[in-house]
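Biologist: I am new to this structure and would like to learn how to read it, beginning with the place where chains meet. Could you take me through it step by step?

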Amino acid sequence: MLTYTIRRLVLAVPTLLFISLVIFLLLELAPGDPMAQVPLTVPAEVKEQMREALGVGQPIWISFPKWLYQFFVIEPMVMIDYYFGTSLSEGQFRAISWQTRSPVMDIVVQRLPQTLWVVGVAYIVGFAIAIPVGIYSAYKQYSLFDNLGTFITMVGFSVPPFFSGVLVIVIFSVQLGWFPSIYDTTLVVNSWESFVKQLNQMFLPVMVLALQITSQTSRFMRSSMLDNLNQDYVRTARAKGLREQAVVMVHVLRNSMIPVITVMALSVPQIFGGAIITEQVFKVNGIGQLLITAIQANDLPMVQTLTFIFAVLIVVFNLIADVLYGLLDPRIRYD
Amino acid sequence: MTDAAHNSPLSDPIPDKPPRSQWEEVWSQFRRHRGAMISLFILVVIVAGTYLGPLIWRADPQAIPSTLDMIKQRDARPIYTSIWDSGAKVQWANPLGTDNLARDNLARLMYGGRVSIAVGLLAMALSIVLGALVGVLAGYFRRLDSPLMRLTDLFLALPLLPLILVASLLFREPLSAAFGVEGGTFVLIVSLIGITSWMQTARIVRGDVLALKEREFVLAAKSVGTRPGRLIRRHVLPNVLSPIMVSATLGIATAIITESALSFLGFGFPPDFPTWGRLLNDSVDRMVSFPERVLWPGLMISLTVLCVNYIGDGLRDALDPRIRGR
């Protein structure tokens, strides 16, 4: 298992390099010019110098390794400097955003907590609802609960987040006035009231994201439980006189959780992607919204970095899912 | 066959109907899935409404009346609003009301549906063709298997939504120049969705082809000298048709959602060009005063996708020979 993990980790490096090259080549075609906003009174040669300072128009065999060096060497150095007060990165050039002229990673780090709060809570809420629902509807297959649950998950699966988001805003914040429709990111949580306020404003975006996670996972959980409930070992467990609760919640559940846990790992990058739309609806200024504004403003270094972060998430969580599957299911042997 | 039947073949009951074909079996199984049948009905109604509706409801979705008429007629509410709000501005000429430029909401909803459904179908077709091609080639020719599956894995590891967003901005200008603004966007969105959604189909098809390749009928076909191209068309493709059909159905749903999401984020069709996602996006700013402009397009998207998903479910059950005939 360890050798398998190491082999996969080593293989992930060329994959990520290749993906970043693909993103880079795609962005290379972009027509935008970061100097478009500069006043016309600025002389052409000054503009040329500004362009040079931002690194625009360099051939790809210079700009791509440079970006890699900035992302993988200089940014970790900056992080070490920040935490340990050293000065490793002094005099090094970091990747600069064309929009704000400040280092790309600084902005990403500023925006990341908002996304993590919303996505993380939605993830936990989603699975906390989906797993019990999946277990119960499989156990009572074709009951009223199961039929209703299947219908609701199908609806949750089909309603796109940009509609469900707008719908809950109309219902809960316009008609009922219970929750705010705009996420206030300047809120500092330092007292009980502000914590309640934070929960209050997180409720709607979390609800929308969690609905999607719940409907996907509970369908999966249900079918996984159904596969296991008809197996021979369940009959054996019942025949030897185990209580029904022990049969379902220990024997069946533990075996059904194996595929569900890999789905949990695989859905992490998915909900980060889904958060792009949800953040736009609720005006959460997380990394999804940052990506949209960066694309609209032609801020190529920012787009490159953010897209690459999404790619890293996908590759890493695919790897985690495969390794977890091997660890949890003794029948799977990769070596 | 028992001995008695063997001895007296003439006493066998003679079947009065010819044996049912595979597709009749599938259809009869599909009809038993209640959700799928209801969904099929609703979907047919929606598609007929968007494609045939404009023949009956002849309002022009793009026509803006002259200034004075526009100010008089714009921002009308749907007729049903007058049930609870007698002061609401309603016009019998516009059953679903008008937008802020006095264009008819019902006509816009119909034309928007045309575009959304067309994008869904074409993008699905493209993704299925790509997926089936890659899957069959990878499954059938051992030499192509490894590189093609590497390519599939690579596509699966790409962050697709960000890349679609980036690419939709990059290629907009050249395609608009070639096909006109609306046509260019249409080609762009269909190809972007198609190119980024073939991977699951390719994987499923490859798995099935790998299993089929070992079967006797393929060996038999090979032994009489059938060429690979003909073998694939005649023997392999018909047998992998059912997984392809299921993923085609589900592909329509994904494509419609992606198109609407792109339009919603402002990366899809140009403003003023009605598609369901675009209508939703345009109305979000004023949804407090005019909730119907958000509700109707959103409901249509959700309902279409829901129906397509249910049909996919029913189709999967109907095409599964282990369930069929139960």
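Modeller: We will look at an interface and then at one residue, keeping in mind that this is a predicted model.

Biologist: How many residues of chain A are in contact with chain B, and how much area do the two chains bury between them?

Modeller: The size of an interface is often given as the accessible area lost when the parts come together. Here chain A and chain B bury about 3,300 Å² between them, with 86% of it on carbon and sulfur atoms, and 39 residues of chain A are in contact with 34 residues of chain B. In chain A, the residues that lose the most area to chain B are A:M154, A:F162 and A:F163, which together account for 19% of what that side buries.

Biologist: Which residues form the salt bridge across this interface?

Modeller: The rule finds one salt bridge between chain A and chain B; A:R219 forms a salt bridge with B:D313, and their closest N and O atoms are 3.7 Å apart. Among the helices that each supply at least two residues of the side of chain A that touches chain B are α1 (2-28) and α9 (244-282), while α6(A) gives the most, with seven residues. By class, that side of chain A has 32 nonpolar, six polar and one charged residues.

Note on methods: Residues numbered from 1 in each chain as written. Chains lettered and ligands numbered in written order. Predicted model: local features only at pLDDT ≥ 70, side-chain atom pairs only at ≥ 80, totals over all residues. Heavy atoms only, no water. Contact = heavy atoms within 4.5 Å. Buried area = accessible area lost by both parts, 1.4 Å probe. Salt bridge = Lys/Arg side-chain N within 4 Å of Asp/Glu carboxyl O. Helix = DSSP H or I, 4+ residues; strand = E, 2+ residues; numbered from the N terminus. Nonpolar A, V, L, I, M, F, W, Y, C, P; charged D, E, K, R; others polar.
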